Structures are given as C-alpha cells and as structure tokens.
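Good morning, and thank you for coming.

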Amino acid sequence: MAAAARRLFIAQGYPRTTLADIADAAGVAVPTVKLAYRTKPLVLVAAWDHAVKDGPDPRPVVEQEWFREMISTPDPREHLRLQVAGSRLVKSRIAPIIEVVRAAAPADQEVDALWEKMQAEFHDNQRHTIRALRGKGPLRAGLSEDEATDLLYTLNHPTLYQTLVGHLGWSAERYEEWLTRTLIDQLLEPSVHNGRAPTAG
C-alpha cells in the first residue's frame, strides 16, 4: 500500500490522490487502508518511509560501504566527493516524494509537521558532516560552523536535486559533478581543496 501511495502521490499530487485511489492501486479495500494507516497524512508518512528504505542496500546508511568509506577518509575533499556520490543515489528515490510533502504542507497541519521534522533532521545531519570536515582540515576562512551547516543544508537539499535533475533536465552525473565542485569551493580552504599548501608571497 505504501508503494502504491508513493507512486500515486508523485504522479498526481497529494490533494488529488484519494484513499480509494490508493486502495485500488494496491488491490485492497478502502477499509484496509484505513485500518493500516488511519488517515491520508499517515499514508504519506508511510510513502516517505518506503522511499527512504527502498534502496539496493537494506542496511542503515551508517552501515553502508560508501558511508563508512566517507567517514574513514582523512581527506575532506574526498569526504565531500563520497558524500555527494552516495547521497545522490538516495535523492533519486526520495526527491520526488519530498516535493509532494513540501507542496502539501501549507494546506495540512499533519503534513506540515512531517515537513518540519524532515527539515530539522536533515539540517542536523548536515551539521554532523561539517563537524567531521573540521576534524579533517580547515573550513573556508571566516566560515562559522552555523554558516557552513546552512550552506551544506541548502546546496545538498533534495529539493535542489529535484529542481536541477527532475525539472531542468540535468543528468544525475552532471548534478553530482557540479555539487561536489561547489561544496569543495564553498566549504573548504583553497589550500585544502587544491591539494597543496599556499606558497609564501
């Protein structure tokens, strides 16, 4: 049912998708949907959860190889490259349903609460990345932890992926290359991301 709801929400939007539509697409009766999820906003929560977990590796992200490699590398530039490459695969799954949640939030209190929770968690995750980077090399001069977190939150956000790839037709590879280069330029000292120390003048 969650998979069917996810497909319908993405295809026709949250407001136009009814519980009857979801039941029909899932091959069950409407009371079955209501028994499982109670309300339409909770069906959307289930669709979001399905998107997050619907990857080729069923393990939590922190146990996956790309994440472990990212954490273990001492090079902040390589850290960002691995983060962008790994998260790009996740965004290809979750960005469309995130757009559904974002669009539905202003008109539904429960969906708005879900949206705010998602944003708070994503922002916290970006702060963890910034703290990891600071342990591997200096951030760009004058950039505070809060500012760096906000930059990473904005540039790495799935809605930006959806805009560039989903709406403007960028390839996923072009997006990955652009975001990696942009994050390195915006977050790291030039001496770090150029791979050499500055020379004395």
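**A protein of helices**

Let me begin with contacts along the chain. Among contacts between residues at least 6 apart in sequence, 63% join residues at least 24 apart. Please keep in mind that this is a predicted model.

Which elements make up the protein? There are eleven helices and zero strands. Read from the N terminus, the order is therefore simple to write: α-α-α-α-α-α-α-α-α-α-α.

Turning to the dimensions, the C-alpha atoms fill a box of roughly 75 × 30 × 30 Å along the principal axes. The protein has 201 residues, and 44% of them count as buried. The exposed surface comes to about 10800 Å², with carbon and sulfur atoms supplying 54% of that area.

As for charge, the protein carries 24 positive and 26 negative side chains. The centres of these two sets lie 2 Å apart.

Let us now look at one pair of helices. Two packed helices are described by the angle between their axes and the distance between the axes. Here, helix H6 covers residues 76-104 and helix H7 covers residues 109-134. Their axes come within 12 Å and cross at roughly 175°. Because angles over 145 degrees count as roughly antiparallel, H6 is roughly antiparallel to H7.

Which residues make the contact between H6 and H7? On the H6 side, they include Pro76, His79, Leu80 and Gln83, together with Ile98 and Val101. On the H7 side, among them are Val111, Leu114, Trp115 and Met118, as well as Ala132 and Leu133.

How values were computed. Residues numbered from 1 in each chain as written. Predicted model: local features only at pLDDT ≥ 70, side-chain atom pairs only at ≥ 80, totals over all residues. Heavy atoms only, no water. Helix = DSSP H or I, 4+ residues; strand = E, 2+ residues; numbered from the N terminus. Buried < 20%, exposed > 50% of the residue type's maximum accessible area, 1.4 Å probe, protein only. Contact = heavy atoms within 4.5 Å. Areas by Shrake-Rupley, 256 points an atom, 1.4 Å probe, with all protein chains shown as cover. Lys, Arg positive; Asp, Glu negative; His and termini not counted. Charge placed at Lys NZ, Arg CZ, Asp CG, Glu CD. Axes fitted to C-alpha atoms, helices over the stretch in contact; angles between N-to-C directions. Parallel < 35°, antiparallel > 145°, perpendicular 65-115°, else oblique.
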